[in-house]
Amino acid sequence: MNRVYFHNLDVLRFTAFFGVFISHLPFTTDSNFLNFLASQGRLGVDFFFLISGFLITYLLLVEKNEKGRLDLVKFYLRRLLRIWPLYFLFMGFIIALIYALVDDFSLSRNTWLYTIFLGNFDRVWHGYETVRELPGFGVLWSISVEEQFYLFIPLLIAVIGRKKILLISILIIHIVSLLFKVYIIFEYQNQHLAYQTLHFHSLSSFDLISFGCVLAYIGIYYPTYFRSLALGFAKVAIPLSMALFILLQLVVFKVGNAAFEWILGGEILAVIFALPLIHICFGEANKARKGMLSSGLNYLGKISYGMYLFHFPAIVLSQYYLTEPILIALSALLITILSASLSYRYVESYFLKAKKRFEIVRTRMD
């Protein structure tokens with residue numbers, strides 16, 4: 001059985017999670033810049049989208065190139081076993097907890113959307129109605145977006161035989177997502193609805209996932225480009241990422257135009273996110289590290305799905321008992337890590353073992 005494993009990719013997963021975690025903490029600073037970063041929980045989600053689009057597409061392309069075809073049934077079974085068990089366990093946990101704590105509680109009429117992975121449209125159409133009633137459901141929208149994307153992208157890869165046509169198809173998805181954002185910005189009169197649509201709608205989120213797919217395509221068919229960039233990471237990628245980050249701040253703080261912020265800013269972020277991904281997957285960083293820090297961060301990245309789900313309830317619980325911001329942050333992080341570790345050990349690991357039965361390209365050493 002073939003094996004594709006990027007040893008330190010889990011470090012990036014933890015980085016993406018930590019961005020989301022910081023954005024949900026209930027305090028601000030005197031720095032406008034830090035407050036801006038703390039308010040951008042979407043940055044962490046976008047990084048998750050990019051990593052996910054890259055890794056899943058990379059594995060699909062490896063399978064197709066080596067086997068001559070994709071086994072779509074096995075792909076969907078792997079996806080189901082990876083995402084669904086903890087997802088529905090978490091939903092049941094939150095609903096049961098609220099039932100136990102709140103008198104005369106009744107489920108929102110929109111809760112059913114989350115059971116079929118359309119929770120992001122609940123956020124588009126109804127804002128925070130369900131989220132206010134069921135704290136913790138707020139993060140489920142991004143999982144819905146990914147499940148929708150992975151309904152059709154494997155089909156696309158399976159049926160398109162020519163490499164260039166496949167690349168053009170993925171780029172079309174990316175461009176359609178950007179054009180959808182332009183349409184929302186200039187046509188929606190209701191600014192609140194425009195924001196919700198830009199933030200949570202599937203089409204406005206597919207650009208980062210499809211960008212990850214493009215990176216996977218280049219990594220499979222033109223890997224020397226990425227290896228060269230990874231080798232010159234310190235000389236080229238770091239200065240480039242710093243220049244792009246400065247440009248992003250100018251776009252956000254100086255231009256003051258929503259179109260530039262959502263469109264150009266998003267493209268700049270995609271490139272910034274891509275640089276460490278390329279370094280990790282195609283450079284010297286793609287080697288096993290036995291250091292305590294690297295091992296610890298990789299472990300936290302491995303359990304990042306559970307951390308992403310449980311972190312908001314952990315923050316709410318910490319706020320209930322504590323008042324000092326730093327203590328709230330530390331307590332919430334510890335509760336999140338503990339909850340995710342337990343869920344990984346006693347829930348996810350069993351389904352991941354079952355998932356291995358349907359693997360064609362192995363992805364982990366353990």
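Q: What does the secondary structure of the chain come to?
A: In this predicted model, the secondary structure of the chain comes to 17 helices and two strands, where helices (H or I, at least four residues) and strands (E, at least two) are DSSP runs numbered from the N terminus. Residues are numbered from 1 along each chain as its sequence is written, and side-chain values use heavy atoms, with hydrogens and water left out. Local features need pLDDT of at least 70 and side-chain atom pairs count only at pLDDT 80 or more, whereas totals for chains, interfaces and linings use all residues.

Q: How much of the chain is made up of buried residues?
A: Buried residues make up 54% of the 366 residues, with buried meaning under 20% relative accessible area, exposed over 50% and partly exposed in between (1.4 Å probe, protein chains only).

Q: And what share of the contacts join residues at least 24 apart?
A: Among contacts between residues at least 6 apart in sequence, that share is 78%, a contact being heavy atoms within 4.5 Å.

Q: Switching to pockets, how much space lies in the largest one?
A: The largest pocket holds about 1,100 Å³ of space, and 40 residues line it, those closest to its centre being R13, L55, R79, R82 and K355. On a 1 Å grid over the protein atoms alone, a pocket is an open set of points where a 1.4 Å probe fits, with protein on both sides within 12 Å along at least five of seven lines, and lining residues have an atom within 4 Å of a point. Grid points are joined across faces, edges and corners, and the volume is the space filled by probe spheres set on the points.

Q: Which helix gives the largest share of that lining?
A: That is α3, with nine residues, while the helices that each supply at least two lining residues include α1 (9-24), α3 (41-67), α4 (72-101) and α17 (325-356).

Q: What is the lining like by class?
A: It has 20 nonpolar, six polar and 14 charged residues, counting Ala, Val, Leu, Ile, Met, Phe, Trp, Tyr, Cys and Pro as nonpolar, Asp, Glu, Lys and Arg as charged, and the others, Gly among them, as polar.

Q: Where is the kink in α11 centred?
A: The kink, of about 25°, is centred on L208, the bend at a residue being the angle between axes fitted to the seven residues ending there and the seven starting there.

Q: Why call α11 largely enclosed?
A: Because 18 of its 20 residues are buried, α11 is largely enclosed by the rest of the structure.

Q: What does H174 contact?
A: H174, in helix α9 (residues 163-187), is in contact with D207, S210, F211 and E267, leaving aside neighbours within four places in sequence, and at 9% relative accessibility H174 counts as buried.

Q: Last one: is F117 buried or exposed?
A: F117 is buried, with a relative accessible area of 7%, and it has a positive phi of about 60° although it is not a glycine.
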